[in-house]
Amino acid sequence: MNAKAEHITKSQFFAPASTDMVDGLIGRYQEDRRRMECVVEYVSGDDFKSVVGYFEDADRRQDHRSGSTPSFNLERGLAALNASYWQQALSLTDVLDFMPTNRREEWFDLIHSHRTPEFEESAVRATLSDLLAKRMDFLAEKVDGIFRALSKTHVTNQPEGFGKRMILTGVTDGWGSYGRAQTGHINDLRQVIAKLMGRDEPDWNASNRVVEIARANHRGKWVPVDGGALRIRCYMNGNAHLEVHPDMAWRLNEILHHLYPTAIPSRFRQKTKRKVKEFTLMERPLPFAVLDMLHRLGRAYDTAERSRRLIPNAVRIESRENDKHVVSEVEQVLELLGGVKQNTNAYSWYQFDYDPDQVIKEIVCTGVIPDQKSHQFYPTPEHIARDAVELAEIGPEHDCLEPSAGIGNLADYMGCGKSLCCIEASALHCAVLEGKGLKPLRMDYLKFSSPTGFDRIVMNPPYSQGRWQAHIEHAATMLRPDGVLVAILPASAKGKDLLPGMSLTWSKVYENQFRGASVDVVIMRAEAAK
């Protein structure tokens with residue numbers, strides 16, 4: 001890797017490290033060490049020994065057990081002190097985040113067994129400086145670790161870099177439990193990919209969950225992971241196939257080139273110009289912190305009953321979750337899946353009109369909300385809803401229709417007309433709309449018709465499999481001669497003649513506005529051609 005490329009990679013990955021960051025830590029260590037020496041000096045004296053027996057006897061009578069006095073062995077105490085401060089020193093940097101699994105375990109073993117060197121200033125500074133300088137090597141070692149873990153008996157495993165299918169053995173056992181060593185290598189690879197994607201990093205057991213879900217629910221089938229950045233296929237025999245998306249593979253090979261400058265051919269370190277049909281486009285994945293909390297969702301119980309009856313098709317966010325930002329994002333995901341928040345004096349939960357367990361597991365595995373299982377419910381962001389209703393120019397004389405009402409994010413701004421008709425298929429969402437004072441019709445919108453039609457129709461139709469086209473065409477059949485149809489559509493629709501015979505105008509493109517769905521949108525206004 002040339003100097004320029006290495007500089008770019010380091011600036012992309014590594015947090016700046018100050019050489020003075022250990023000053024305060026060294027000062028606290030020296031003070032704690034002085035206090036320990038004073039304590040040991042005191043307990044070794046006659047004053048302490050002459051009275052300590054009384055305290056031991058009091059403890060024995062109170063707790064009905066033999067009293068014990070710490071040994072106050074200075075050597076062992078200092079070993080524990082050194083280990084604690086070395087752990088704190090490492091935590092001041094991002095070194096542990098970049099260490100491959102085996103190196104990180106070596107440090108943890110030294111710390112937990114109290115076998116670290118003495119926490120002496122020159123040694124600490126030299127060690128940290130060396131570790132910080134090796135972060136690029138560690139990053140490359142993480143990437144390299146997956147190759148060292150590959151099966152030696154499968155001919156498809158070729159050390160030419162990423163881009164070919166990789167086969168790992170022992171990923172699961174005969175009962176479906178994961179093999180921690182192999183999933184640890186997968187996790188190392190995902191951590192590097194997360195850095196390349198600008199994401200937060202997966203925790204140490206995130207890949208264990210992915211493997212378990214892929215084997216149990218999608219055995220023998222490819223499962224996209226991390227928004228499609230890689231994919232995995234697990235088998236009954238414990239093997240797993242792994243492939244990295246071509247747009248990610250060449251970047252990983254560039255990192256691997258840092259370790260093996262002559263081993264990775266240049267063609268594997270350049271962005272591919274051809275599209276690979278087998279791979280889906282990479283999507284914007286949810287943060288790992290959100291996926292972890294989704295994995296920890298609890299069951300909901302009816303606390304009004306003494307028996308604590310399990311509420312079917314319901315989940316709740318555990319009360320111990322205290323990161324308000326992550327909780328807010330998880331709540332948005334549950335709403336995208338069709339969950340409706342229910343509140344009691346005891347706690348709140350999300351109620352669904354289907355069992356969300358498998359869908360939530362799939363999100364934890366893939367990192368994104370499965371379009372076909374989300375009921376295509378993407379609540380319209382407030383600012384887009386306002387812009388869409390403003391384009392409709394609703395007056396007090398207009399009869400209005402919102403044909404995919406959801407929980408009323410568009411309808412909230414449409415009340416200025418003469419009347420408002422809302423169509424919604426979900427019983428839960430209808431209950432929410434009724435709570436807002438609306439009177440929704442619960443039915444499939446495509447089966448709805450109106451003999452009199454509407455003056456204004458504002459809608460955010462479902463996008464998957466081109467369903468938005470059928471929805472806007474159906475809406476156009478119910479538009480009165482001077483009516484206006486406003487629809488929030490995929491940005492790819494902009495400029496197309498979607499409704500022949502009608503005049504179409506378009507808004508700006510709104511990028512990545514719907515959480516959990518990698519989609520840009522545009523607002524279309526349609527009216528009869530003048």
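## Reading strands, burial and a surface patch

Biologist: Let's start with a strand pair. Which residue stands opposite Val 244 in S4?

Modeller: That's Leu 230. Keep in mind that we're looking at a predicted model. Strand S3, residues 230-234, pairs with S4 in the antiparallel sense, over five bridges.

Biologist: How many residues lie between the strands in the hairpin of S3 and S4?

Modeller: Five residues sit between them, and Gly 238 in this hairpin takes a positive phi near 95°.

Biologist: And which way do S1 and S4 run, parallel or antiparallel?

Modeller: S1 and S4 run antiparallel, joined by three bridges.

Biologist: Why is S4 described as largely enclosed by the rest of the structure?

Modeller: For burial, the cut-off is under 20% relative accessible area. S4 covers residues 240-244, and five of the five are buried, so the strand is largely enclosed by the rest of the structure.

Biologist: Which residues of S4 point one way, and which the other way?

Modeller: Ala 240, Leu 242 and Val 244 go one way, while His 241 and Glu 243 go the other, and all of them are buried.

Biologist: Let's move to a charged residue. Where is Asp 188 found?

Modeller: Look in helix H9, residues 180-197.

Biologist: What is the nearest side chain of opposite charge to Asp 188, and how far away is it?

Modeller: It's Arg 104, at 4.1 Å. Leaving aside neighbours within four places in sequence, Asp 188 is in contact with Pro 100, Thr 101, Arg 104 and Lys 142.

Biologist: Now the surface. Which residues make the nonpolar patch?

Modeller: Val 51, Tyr 54 and Phe 55 make a nonpolar surface patch of about 370 Å². You'll find Phe 55 in helix H3, residues 46-63.

Biologist: Why does Phe 55 count as exposed?

Modeller: Exposed means over 50% relative accessible area. Phe 55 has 58%, so it counts as exposed.

Notes:
Residues are numbered from 1 along each chain as its sequence is written. This is a predicted model: local features need pLDDT of at least 70, side-chain atom pairs count only at pLDDT 80 or more; totals for chains, interfaces and linings use all residues. Side-chain values use heavy atoms; hydrogens and water are left out. Patches are made of residues with over 30% relative accessible area and no salt bridge: like charges are joined within 9 Å, nonpolar side chains (Val, Leu, Ile, Met, Phe, Trp, Tyr) within 5 Å. Accessible areas come from the Shrake-Rupley method with a 1.4 Å probe; for residues, only the protein chains shown count as cover. A salt bridge is a side-chain nitrogen of Lys or Arg within 4 Å of a carboxyl oxygen of Asp or Glu. Helices (H or I, at least four residues) and strands (E, at least two) are DSSP runs, numbered from the N terminus. Buried means under 20% relative accessible area, exposed over 50%, partly exposed in between (1.4 Å probe, protein chains only). Lys and Arg count as positive and Asp and Glu as negative; His and the chain ends are not counted. Contact means heavy atoms within 4.5 Å. Two strands pair if DSSP finds at least two bridges between them.
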